[in-house]
Amino acid sequence: GGNAFFHACHGGHVVLVEAWVGHVDLAATDQGGATALHAAVHAGHAPVVRLLVQSGASLTAADARKRTPRDLAEAQLQVATDSPQRHAQDQRGGRPQPTQSARRRQHNPGSAVGSGAEGADTSAESARRWAVVEALRSAAGAVNPRP
């Protein structure tokens with residue numbers, strides 16, 4: 001999104017989000033149909049995710065690609081936990097194919113993911129992604145408690 005609130009959510013700026021949350025439309029979307037909650041989930045900021053959900057952000061809002069925040073969180077968790085040892089073998093010669101996250105590190109060596117040595121441990125990224133998924137799961141349980 002192009003507005004400051006979306007940027008604060010994506011950037012993990014809890015204090016700013018907390019200051020604005022009562023003054024913005026949490027259902028507002030960017031050009032891709034994503035809400036501020038999608039932005040926080042995308043960036044992996046569990047504290048902002050919890051704050052937005054507690055403030056009434058929709059757990060069921062779907063972006064233009066028909067993904068809810070939880071769909072997005074779980075897809076990103078899968079990518080973050082995908083290890084080079086578990087990817088498919090190349091049919092020509094049996095060489096392993098790089099994972100999506102490994103390809104991202106190869107093409108963007110200065111990015112936040114993989115900014116260390118090649119093949120750097122992604123456990124911190126996985127932990128962030130788990131925290132986001134858990135925040136959404138617990139929020140969904142609080143909103144829709146099971147009998």
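Guide: Happy to; let us begin with α3 and α5, which pack at an angle of about 10°, with their axes 9 Å apart. Axes here are lines fitted to C-alpha atoms, for helices over the stretch in contact, and angles run from 0 to 180 degrees between N-to-C directions. Helices (H or I, at least four residues) and strands (E, at least two) are DSSP runs, numbered from the N terminus. α3 and α5 are therefore roughly parallel to each other; angles under 35 degrees count as roughly parallel, over 145 as roughly antiparallel, 65 to 115 as roughly perpendicular and the rest as oblique. L37, H38, V41 and H42 of α3 meet P69, L72, A73 and Q76 of α5, where contact means heavy atoms within 4.5 Å. This contact has 5 nonpolar, 3 polar and no charged residues. Ala, Val, Leu, Ile, Met, Phe, Trp, Tyr, Cys and Pro count as nonpolar, Asp, Glu, Lys and Arg as charged, and the others, Gly among them, as polar.

A word on the model: it is predicted, so local features need pLDDT of at least 70 and side-chain atom pairs count only at pLDDT 80 or more, while totals for chains, interfaces and linings use all residues. Residues are numbered from 1 along each chain as its sequence is written, and side-chain values use heavy atoms, leaving out hydrogens and water.

Next comes α4 (residues 46-54), which packs with α3 at an angle of about 160°, the axes being 8 Å apart. That makes α3 roughly antiparallel to α4. Their crossing is left-handed, meaning that the near helix is turned anticlockwise from the far one by less than a right angle, whereas clockwise is right-handed. A36, L37, A40 and V41 of α3 touch V48, V49, L52 and V53 of α4. By class, this contact has 8 nonpolar, no polar and no charged residues.

α1 is another partner: α1 and α3 pack at an angle of about 30°, with axes 7 Å apart. That makes α1 roughly parallel to α3, and α1 passes α3 in a right-handed crossing. F5, F6, C9 and H10 of α1 meet A36, A39, A40, H42 and A43 of α3. Here the residues divide into 7 nonpolar, 2 polar and no charged.
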